[in-house]
Amino acid sequence: MAHSWNDSDTQDLWALTIDESALLPGMTDKGRFGFAVQLKFMELHGRFPERQDEIDPNATQWLATQLGTTTESLSSYEFGGRQGQRHRRTIRVFLGFRRATGTDLQQLVQWLCDDVLPFGPQAHHGYDMALDWCRTQRLEPPAGDHLERVIRSAVHGYEMRQLATIHVRLSAHNKTTIDRLLASEETDADDVQTEESTTISFSNLKTDPGKANLDSLLVAISKLKCIDEIGLTPEVFQDVPAKFIEQFRQRCASESIRELRRHPAEIRYSMVAMFCWRRQQQLIDALVDLLLQVIHNLGARAEKRIDKRQFAAFKKVRGKAQLLFKLAEATVDQPDGIIKEVVYPVVGQKTLQELVAEFKAIGFDFEREVQETMRSSYGHHYRRMLLPVLDALCFQSNNTVHRPVIEALYVLKANRDSRQQYYDADEVPLDGIVQKKWLEIVVEQDKDGKDRINRINYEICVLRALRKRLRTKEIWVTGADRYRNPEHDLPADFATKRDSYYELLKVPKDAELFIKQIQDAMQQWLGTLNAGLPLNPKVRLREQGKNKNLIHITPLDRQPEPPNTAALKREIGRRWSDVELIDIIKEVDLRLNFTTAFRTSGSREVLDPALLQRRLLLCLFGIGTNVGLKRIASQQPSVSVEELRYVKRRFVQKDALRTAIAEVVNGIFRIRNPAIWGDATTACASDSRQFGAYDQNLMTEWHARYGGRGIMIYWHVDTNSTCIYSKLRRCSSSEVAAMIEGVLRHCTDMEIDRQYVDSHGQSEVAFAFSYILGFDLLPRLKAIARQKLYLSATADAAQYTHLEPVLTRAINWKLIRQQYDEIIKYTTALRLGTAEPEAILRRFTRADATHPTYQALAELGKAIKTIFLCRYLHDESLRREIHEGLNVVENWNSANDFIFYGERGEFATNRVEDQELGVLSLHLLQICLVYINTLFIQEVLAEPAWRDRMTVDDWRGLTPLIYHHVNPYGRIELDMARRLAFAA
């Protein structure tokens, strides 16, 4: 977090020691001040300042106070002048530094190539890391421009060596196939390939799969076959960092065929090879996603069709007794009559037909009808996907329990040319594949009474079993990324670095000590809740309750309305009325220069920095408001839509946006006045928000709770309305995984120790992981009335007489003890980021409840959740804290519509990458608004008249997320020379 000058530790950093003060006698006031500034700056930053604006004004004021002088004397001191250079020589000797030589810079380049660039090929933080290296070596680094050139030289040399290595490893066949691929006719990127297409061009490889259906699946297989023809092997990319491959995949994707052909052979072949290798992984993942969704749709659509048919057939006929009397009376009176003449005039033919339909519907076998409908859909339409999928994907499993599914796939593949409708009973495995309710239609008997297997029905069962195990990663796919071997998700060196990983997580190596700490906490909080429950009027436990609702909590009292916050908002609106939204993002960039995070995906930058800054701001505004680049360009006489698209394609990348967001968030932390906003917060709330989106892609889904098609954005917002992380996700994906990812990957200076979530952001597994990762998971549980408290030991139940209605069994500590090492291994994978949290958590769901590590995590989670529930029920202030934290993220969600107003707030694209850019750009614009509002509020409250008006309730309700004074609409005019009123 940013240092506060009210903090004594921060002042100590700039305090002059006795030895340092001994260097000052004999100098003028200007000389002493300049010497002291350079000395302390060198101590803290490992370099000398080049400009006075690099130095914190608070630091200069503190040094002036120590020296008994004023800050004005520094204005005439020249850091690069003769006096400044003489002072630097003295400081170097005093601190034990020396100037860097050519040999030192060569060592720096080598260090960057060996230890830095493999983990960040673009060296986004290379400048700071180079300064740290020089400081460690006691070297004075070269001037800023010179050091930047050294870093760029290191990056270029590293790239060329990696490209040369890949080029040498490519075979003649690889290069010939790449030439043929680049020679193919370039098509429009929005063209959709059909099943009948025979040629896949390079431009087609860049497009995302469409909506989950058979045609999209077959097109994805065609693209995969096109890449397979190149014949790339893992050995080609051995020891090449994954981030380096991803960087050149992005560069290749942003260039046209013409631009690719212009590269030298060494660059062209290597870059296309990296694109195809990474694209192959993405296509395999997408193909698995398509397969899972198609298999799901097969059953879901069959159920929907049967429901519709059943509801149409079922029309209840009322008054059956009266109808029976009329029917009996008519037939008794005319026993020899004709039905059409005797019965129909009395009852009516339509009424009798409805009566027959009603009784048919009552005796309806729903499951059997669904199975028959699925068989019909699969046999007539979806079955033609089976063999192409089996040819394109190689399914594997590390668990012998799931081998029957793999064996069944081999049988299906081996019988590809057979036209037989049945398998012999001993020819295929049934256990673990065919569910009990499907046995009747899968296993049939021939005319001799022998069992035989219906081939089509069996194939459906195999696909459903495959889907279930792919979702839990018990079956994985060769060459995939998200669906890869789950063993690769874990740190490969855990056995050799076990002790260091335990220290990283700050957990005891002894499982007994780990368990003892949790047991003690459980006993303490269960005892606290039991003792305080009779005195707690707002929490009651019922002996019996409807639907097992045993816990009753009185709702929180409504807090008083802040009396002066509305007046404060009006004052801000009066001083800064109709502030243009684009001026807000421009002002933040002029202060923080976050656009420097956007670097070209190409090999060099040729645009003027000022021109690039302006175009970047226009692009980010157009994407973040969803109005589009065409509308932005139409109102800018000096820029065309093609130029904006070029900047977006070459510069606006996800990683760059996240870096820019982190810079703005950290900037907010630095400018916050602790007297107004309080000390640095460590609490964060997270929640998701649904946005409408085009549905011809794999990201958009129908939301079961909210209804409508769309995508979800998962936000992490601190208690002062600053969003530190955002994540685009599917409607059906895990909120728990998104929550953990935000806590671990936010890349800001904030340290999170409390995480507020709603019911969907928590689970027993989430409680277990959060405890080991070192943050407190605090959910607002919707089903609080049905929660149960677990015991540390069965014998402890007698101690908690007041909790008897909600007590349940004891925790199985033996299971935790047995799986302790595995639990730590998976937690280490989350901490290190060896795989996405969703990929790791996919293994720990109720669908795979027999997994021993899942069972141990569930037991651990039950224990941690019991501790939380005791705290939650005992402490009303904790309940209010959670509620207030989640209100902050709800307020953040409400501001999304104000900024993301284009296209009625719907993501009008099917490209998932563009959707991600839209999410991150919206995030950037909204925190820029928070940054400027923080300055507005602090400027107003700096006046004693306004500060004295603020009450406790006003401080509680104060938020920088206000926008009544902002105008996001109308003409979009970007004037880089015009600053906001408070900016001097």
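Buried means under 20% relative accessible area, exposed over 50% and partly exposed in between, with a 1.4 Å probe and protein chains only. The model is predicted, so local features need pLDDT of at least 70 and side-chain atom pairs count only at pLDDT 80 or more, whereas totals for chains, interfaces and linings use all residues. Residues are numbered from 1 along each chain as its sequence is written, and side-chain values use heavy atoms, with hydrogens and water left out.

View 1. Helices are DSSP runs of H or I, at least four residues long, numbered from the N terminus. Gln-613 has a relative accessible area of 16% and is therefore buried. Contact means heavy atoms within 4.5 Å. Leaving aside residues up to four places away in sequence, Gln-613 touches Asp-589, Leu-590, Asn-593, Thr-595 and Met-976.

**View 2. The largest nonpolar core, with 172 residues.** A nonpolar core is a set of buried Ala, Val, Leu, Ile, Met, Phe, Trp, Tyr and Cys residues joined through side-chain atoms within 4.5 Å. Phe-594, Phe-598, Phe-769, Leu-803 and Leu-924 have the most contacts inside this core. Helix 39 (residues 912-941) gives the most to the core, with 18 residues. Leu-924 touches Phe-594, Leu-620, Leu-657, Ala-660, Ile-661 and Val-664, residues up to four places away in sequence not being counted. Another core, of 107 residues, lies apart from it and includes Val-272, Ile-453, Ile-460 and Ala-480.

**View 3. The crossing of helix 25 (residues 565-575) and helix 39.** The two axes, lines fitted to C-alpha atoms over the stretch in contact, come within 10 Å and cross at roughly 105°. Angles run from 0 to 180 degrees between N-to-C directions, and those of 65 to 115 degrees count as roughly perpendicular. Helix 25 and helix 39 are therefore roughly perpendicular to each other. Leu-568, Glu-571, Ile-572 and Arg-575 of helix 25 make the contact with Phe-936, Ile-937, Glu-939, Val-940 and Leu-941 of helix 39.

**View 4. The packing of helix 7 (residues 126-136) against helix 8 (residues 144-169).** These helices pack at an angle of about 105°, with their axes 10 Å apart. Helix 7 and helix 8 are therefore roughly perpendicular to each other. From helix 7, Gly-126, Tyr-127, Ala-130 and Leu-131 meet Gly-144, Leu-147, Glu-148 and Ile-151 in helix 8.

Note on methods. Helix = DSSP H or I, 4+ residues; strand = E, 2+ residues; numbered from the N terminus. Parallel < 35°, antiparallel > 145°, perpendicular 65-115°, else oblique.
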